[in-house]
Amino acid sequence: MRLVVFDYDGTLVDSQAAIVGTMQDSFGELGLAAPAPEAVRRVVGLALERAIDRLCLRPGEATADAALVAALAAAYRRRFLALRSQQGILHEPLFAGIREALAALARPERRFAIATGKSRRGLLAGLAGHGLAAQFQVLKTADDGPSKPHPDILQQAMRETGVEPAETLMIGDTVFDIEMARVAGAHALGVAWGVHGPHELLAAGALAVAARPSDLLNHVEALACAR
């Protein structure tokens, strides 16, 4: 695998508590009933407006009210920025073993990228805080294209690195990551420590699901040998 692309939230960092709390507070700010934590977790990985749209949908609706979605997104961004300013990166720590897994996966011929529904500002702040900015040659965020599972940001990463889909692996914790990879023609590996269960990731098309970060190397090498 010449290009390994990682999701960010739920794959590299544990940001569930921050995302759920900020989303619930944003609904409360607008006088709305807060969505259930599980409902918020189900949309982690989507671009913010797409996630909020899903949370606001009523039965029979195809899309939620655009003005409401925009107001909630603005409240969420404002609250999350304030949270980051107060707490730095403490509210989205790296999962245990991720730093070591990245080091084990590194090869001179292998490129690392990120494809995330997070904003570029949020991603850059997180990577800098964790000292990981230099690890990734390409960063693709919600600012660069349509929300997952649309394949555009993954296709951009492949074009910019000159790597074909057959030599590209997407690693993520949601079905949105897996579906994006499948549509783009890339391989997909799920991780079990995020928001969607292993059975969901396999059903979406993941070749396997890593139980812990220390398993990533064996899965990647097994895939390379299988080719």
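Start with two helices: α7 passes α8 in a right-handed crossing. A crossing is called right-handed if the near helix is turned clockwise from the far one by less than a right angle, and left-handed if anticlockwise. Helices here are DSSP runs of H or I with at least four residues, strands are runs of E with at least two, and both are numbered from the N terminus.

Before going on, some ground rules: this is a predicted model, where local features need pLDDT of at least 70 and side-chain atom pairs count only at pLDDT 80 or more, while totals for chains, interfaces and linings use all residues. Residues are numbered from 1 along each chain as its sequence is written, and side-chain values use heavy atoms, with hydrogens and water left out.

Back to our pair. Helix α7 covers residues 152-161 and helix α8 residues 175-184; their axes are 9 Å apart and the packing angle is about 55°. Axes are lines fitted to C-alpha atoms, for helices over the stretch in contact, and the angles run from 0 to 180 degrees between N-to-C directions. That angle makes α7 oblique to α8. Under 35 degrees counts as roughly parallel, over 145 as roughly antiparallel, 65 to 115 as roughly perpendicular, and the rest as oblique.

Which residues of α7 and α8 meet? From α7 come Ile153, Leu154, Gln155 and Met158, and from α8 come Met180, Ala181 and Ala184. Contact here means heavy atoms within 4.5 Å. Sorted by class, this contact has six nonpolar residues, one polar and no charged. (Ala, Val, Leu, Ile, Met, Phe, Trp, Tyr, Cys and Pro count as nonpolar, Asp, Glu, Lys and Arg as charged, and the others, Gly among them, as polar.)

Now, how covered up are these helices? In α7, seven of the ten residues are buried. Buried means under 20% relative accessible area, exposed means over 50%, and partly exposed is in between, using a 1.4 Å probe and protein chains only. The buried ones are Asp152, Ile153, Leu154, Gln156, Ala157, Met158 and Thr161. Their cover includes strands β1 (3-6), β2 (111-115), β3 (138-140) and β4 (168-172), along with α8. Helix α8 is largely enclosed by the rest of the structure too, because seven of its ten residues are buried. Those are Val175, Phe176, Asp177, Ile178, Met180, Ala181 and Ala184.

Look at what follows each helix. Just after α7, Gly162 takes a positive phi of about 70°, and just after α8, Gly185 takes one of about 85°. On the way into α7, the loop from β3 holds Pro149. A cis peptide bond joins Lys148 to Pro149, with omega about 10°.

Leaving out residues up to four places away in sequence, Ile52 touches Met23, Val69, Leu72 and Ala73.

Next, find another helix pair. The axes of α5 (residues 98-105) and α10 (residues 216-226) come within 9 Å and cross at roughly 30°. That makes α5 roughly parallel to α10, and this crossing is right-handed. Here Ala101, Ala104 and Leu105 in α5 meet Leu216, Leu217 and Val220 in α10. The contact has six nonpolar residues, with no polar and no charged ones.

Is Ala104 buried, partly exposed or exposed? At 29% relative accessibility, Ala104 counts as partly exposed. Ala104 and Ser214 are 110 residues apart in sequence, but their C-alpha atoms are 8.9 Å apart in space. Ser214 sits in the loop between β6 (209-210) and α10, and counts as exposed at 53% relative accessibility.

One last stop is the loop between α5 and β2, where you'll find Pro108. With a relative accessible area of 84%, Pro108 is exposed. Pro108 and Arg2 are 106 residues apart in sequence, and 9.4 Å separates their C-alpha atoms.
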